[in-house]
Amino acid sequence: SETTREIPIIFKTALNDNASKIAAFEAGGVDYVTSPIQMEEVMARVQTHLTLHTVQRHLAEQNLDLQQEVAMRQRTEAALEQARDELEDRVQKRTAELRAEVAERKRAEEALRRLNRELRAISDCNQVLVRATDEQQLLDAICRIVHEKAGYRMAWVGYSEYDEAKTVRSVAWAGIEEGYLETAHVVWADTDHGRGPIGASIRTGKTAFAQDFATDSHVALWRQKALERGLRSCIAL
């Protein structure tokens, strides 16, 4: 039904075999709870899927707005092309304006492609989150989706250890790694190897980033190996 097809369905089951769960997912379910029912778990799952649905709908609306904007710019260019013959004395000035509009259109198209990548990545991550059977499988899949679907050159997950050096142990990655993590020696202590985005993010509990490996002094220790692998910036969450 067009009026109800977007409602996320969470099913209740007393069955634990994979075949039954897979059949339920193939029938359109997005999540499940098992007997006996815990209302706190049910409410948490409902809230999660309502939030995901809201985000997906918002991205779809942004996607539509960008498509309409691109279409409008295309119509504008056609009208300007027709008017150019009638306004020959303004050709040079109008050409410069059209170039600016084309550049703007390309930026809009790139933004549209970026939103589409994000939408696909979010959708795939939702499926992995529901279906993963263990933590390592979840981490590996998320890194792969961020690299392949969202378009990032490399993604990795590290655990902060509470040893003497306060090391950050890499547990999952995908993309152009090529031994980078093994030699990075990332820590979260307030030392030279811990003052990059990863160490700063763990210590402060906030997002940290380096905009440019070539110039940012906080990532000087990793600059050469990062640039060799085509890594230009990084963000730590």
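These notebook entries record what I looked up in one predicted model.

**Entry 1: the cis peptide bond**
I began with the backbone and examined omega. The peptide bond that runs from Ser35 to Pro36 is cis, and its omega is near 0°. I then placed Pro36 in the secondary structure. Pro36 belongs to the loop that links β2 (31–34) with α2 (39–84).

**Entry 2: positive phi at Glu178**
I turned next to phi. Glu178 is not a glycine, yet its phi is positive, near 45°. I located Glu178 in the loop between β4 (168–175) and α5 (180–184). Is Glu178 buried or exposed? I read a relative accessible area of 57% for Glu178, so this residue is exposed, the cut-off being over 50%.

**Entry 3: positive phi at His185**
I noted a further residue of this kind. His185, also not a glycine, has a positive phi of about 50°. I found His185 in the loop that joins α5 to α6 (197–204).

**Entry 4: a nonpolar surface patch**
Finally, I looked for nonpolar side chains on the surface. Which residues form a nonpolar patch there? I recorded Ile37, Met39 and Met43 as its members. Together these residues have about 290 Å² of accessible area.

Key
Residues are numbered from 1 along each chain as its sequence is written. This is a predicted model: local features need pLDDT of at least 70, side-chain atom pairs count only at pLDDT 80 or more; totals for chains, interfaces and linings use all residues. Side-chain values use heavy atoms; hydrogens and water are left out. Helices (H or I, at least four residues) and strands (E, at least two) are DSSP runs, numbered from the N terminus. Buried means under 20% relative accessible area, exposed over 50%, partly exposed in between (1.4 Å probe, protein chains only). Patches are made of residues with over 30% relative accessible area and no salt bridge: like charges are joined within 9 Å, nonpolar side chains (Val, Leu, Ile, Met, Phe, Trp, Tyr) within 5 Å. Accessible areas come from the Shrake-Rupley method with a 1.4 Å probe; for residues, only the protein chains shown count as cover. A salt bridge is a side-chain nitrogen of Lys or Arg within 4 Å of a carboxyl oxygen of Asp or Glu.
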